[in-house]
Amino acid sequence: MAAHTDAEPDYRESAVIMTDQTAQFPFQDSSLPVGNRVEDLLSRMDDADKAGLLFHTMVAVADLDEPNAMFGLPSVASLIHDNRMNHFNLLGSAPSGREFAAWHNEAQRLARRLPLGIPITFSTDPRHSFTDNPGASMLAGPFSQWPESLGLAAIGSAERVQRFADIARREYLAVGLRVALHPQIDLTTEPRWSRINATFGEDAELTARLVAGYIRGFQGEKLGTKSVSTMAKHFPGGGPQKDGEDPHFAYGREQVYPGGNFEYHLKPFAAAIEAGVAQMMPYYGMPVGTEYEEVGFGFNRSVIQGLLRDRFGFDGIVCTDWGLITGSDAMPAHAWGVEHLTRAQRMLMILDAGVDQFGGEVCTDVLLDLLAAGTLTRERLDTSVRRLLREKFTLGLFEDPFVDEDRAHAVVGDAEFVAAGLDAQSDSLTLLTNRDQILPLGRGLRVYTEGMDAQVLRDYAEVAATPAEADVAIVRVKAPYEPRPNGFEAYFHTGSLEFPATELERLDTIAATVPTVIDIYLERPAVLGGLEDSAVAVIGNYGASDTALLRVLFGERGPQGSLPFDLPRSMDAVVAGRSDVPFDTDEPTFRFGHGLRYRGEGNLPAQLLEG
């Protein structure tokens, strides 16, 4: 499936493209080889220009002159002019593609005012799904909306993944987003981990197959002017977290391998490198009980230089996860294993490990001090500067960093893209049980519902006020978790996978009153606790609107999803499992790959096929 075609419209403005006739300096001449342009620009950069290139922090779609109160950061204008920074992770959104593009263009104009006019590279966490976590992803907003990566894995088609990535690429390009801070190709071998929903699940072979399509969709066969660069994460594989806790927080800093299965987690990254992934991000975690140094992966020379650079031959950009150097009272630096080091010492250790860029940091002064003191050599600095400049040139940012605001309005949320996303939401739905073939439902039934917009349901059925008045109930719930304190930590759903006893009792009461279909948002592998027996049908979703679900429940489309992980039988089984080994819980309720299908069409009685 070809991701890019020559016939694809050029969305970029052309007024400022430089040729060999208009270029003032060789680096501005698009006819020269990228390597020549990099060396010319490098020779013209002072230390401040070089230092700014190595920092990649968060900015929001807001007034360019206003400080970022949410993250305690200077204004975008200050970061560009004072810190000489030109890599920004864009948080939030604008109401429309046109407004998004207009904001982007204004920021690029600020960058052009500097003597060398180095363009900004804007990046983004995933923004096409249903999760809203400022540390990991955000709601789709004006963009087309798709299931989480788990849902793409449930569909299991590399071609569908590539189609998604190609559509996302077009929407990103339309508003000037040139780096995808994804795919997340960690393997979910520890079911309690809070970041499972952005992965492709538990199986290394499936993840390796899908990530190749993902990268081709965003980048094409090779990186170029119509590409969005991808940053695969989190090398060498998040997932085997001790007790399922996340290393955003000190209590979750350890990654453990009781099954000696470190190599299993490398398989998706090997596939990503083979597919041409442009960038890599190591995770916060520190390996415990392995041959590797017990420090966070971003500081870990044996992992970054030894594994990623030397063994796998990766010569692309390596960017740390956010906030390894500088902390605050609210959020300490994620300097696991090196907490005792100063900011300057941490910075040196990261660079010595083979990293090129500091994610979530703005402390360019620390780097400049290291240069002035001779502690950091310019030769080492220039190695990373070359990599970062090479990508900017390859993406075509120096020729034209601007986007067409009218085209952005047309492309972002394009009706064809929205329809494709809705189809993927429906197709990813995973039918776990369907007693007496109750699904698909017939229209015109009286339906009691919870967790669903009654107005949407009225297109299919009469809405009943109580279970006793209904012919059937449709109840939407989320996989359970143990709430953490308010603030950033609250966004990470972790802890027990069992529904509280009171919730099970409540759901069982509804199911005893009326035949009940339960839809569960499987952001983590829930312990069903008997719901598979009390409900007449159980279906899993990975981000699906009410419309996407109802189309399947009423037979407009059939469920096509298969579980991307095991569903464990109990928390005792989860605790007994080895965190680095897939499919390691005893007698799971449903196994990886389970998913029932309809046979027949429309509202006829359905027979089932095991998927």
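Helices (H or I, at least four residues) and strands (E, at least two) are DSSP runs, numbered from the N terminus. With that in hand, select His234, which lies in strand β5. The peptide bond that leads from Lys233 to His234 is cis, with omega near 5°.

Before moving on, here is how to read the model. It is predicted, with pLDDT of at least 70 needed for local features and 80 or more for side-chain atom pairs, while totals for chains, interfaces and linings use all residues. Residues are numbered from 1 along each chain as its sequence is written, and side-chain values use heavy atoms, with hydrogens and water left out.

**Stop 1**

Select His182 and Pro183 next: the peptide bond between them is cis, with omega near 20°. Pro183 sits in the loop between β4 (177–180) and α7 (204–219). Then go to Asp436, in the loop between β11 (430–434) and β12 (446–450). Asp436 is not a glycine, yet its phi is positive, about 60°.

**Stop 2: the largest pocket**

Rolling a probe the size of a water molecule over the atoms shows where empty space is left. On a 1 Å grid over the protein atoms alone, a cavity is a set of points where a 1.4 Å probe fits but cannot get out, and a pocket is an open set with protein on both sides within 12 Å along at least five of seven lines; lining residues have an atom within 4 Å of a point. Points are joined across faces, edges and corners, and a volume is the space filled by probe spheres set on them.

Which residues lie nearest the centre of the largest pocket? Select Met58, Phe71, Trp322, Met331 and Gly360, which hold that place among 38 lining residues. Two or more lining residues come from each of β1 (55–60), β2 (87–91) and β5 (229–235). The space in this pocket is about 870 Å³. Colour its lining by class (Ala, Val, Leu, Ile, Met, Phe, Trp, Tyr, Cys and Pro nonpolar; Asp, Glu, Lys and Arg charged; the others, Gly among them, polar), and you get 19 nonpolar, 13 polar and 6 charged residues.

**Stop 3: the largest cavity**

The count of cavities of 30 Å³ or more comes to 5. About 180 Å³ of space lies in the largest cavity. It has 20 lining residues, and Pro126, Ser129, Glu148, Ser149 and Tyr214 are closest to its centre. Helices α5 (149–155), α6 (158–175) and α7 each give two or more residues to this lining, and α6 gives the most, with 3. By class, the cavity lining has 11 nonpolar, 7 polar and 2 charged residues.

**Stop 4: two helix pairs**

Axes are lines fitted to C-alpha atoms, for helices over the stretch in contact, and angles run from 0 to 180 degrees between N-to-C directions. Arg160, Arg163, Ile167, Arg170 and Glu171 of α6 meet Glu416, Phe417, Ala420, Asp423, Ala424 and Asp427 of α14, where contact means heavy atoms within 4.5 Å. This contact has 4 nonpolar, no polar and 7 charged residues.

Finally, select α1 (residues 34–44) and α12 (residues 378–394), whose axes come within 9 Å and cross at roughly 125°. Their contact includes Val34, Leu41 and Leu42 of α1, and Val385, Leu389 and Phe393 of α12. By class, the contact of α1 with α12 has 7 nonpolar, 1 polar and 5 charged residues.
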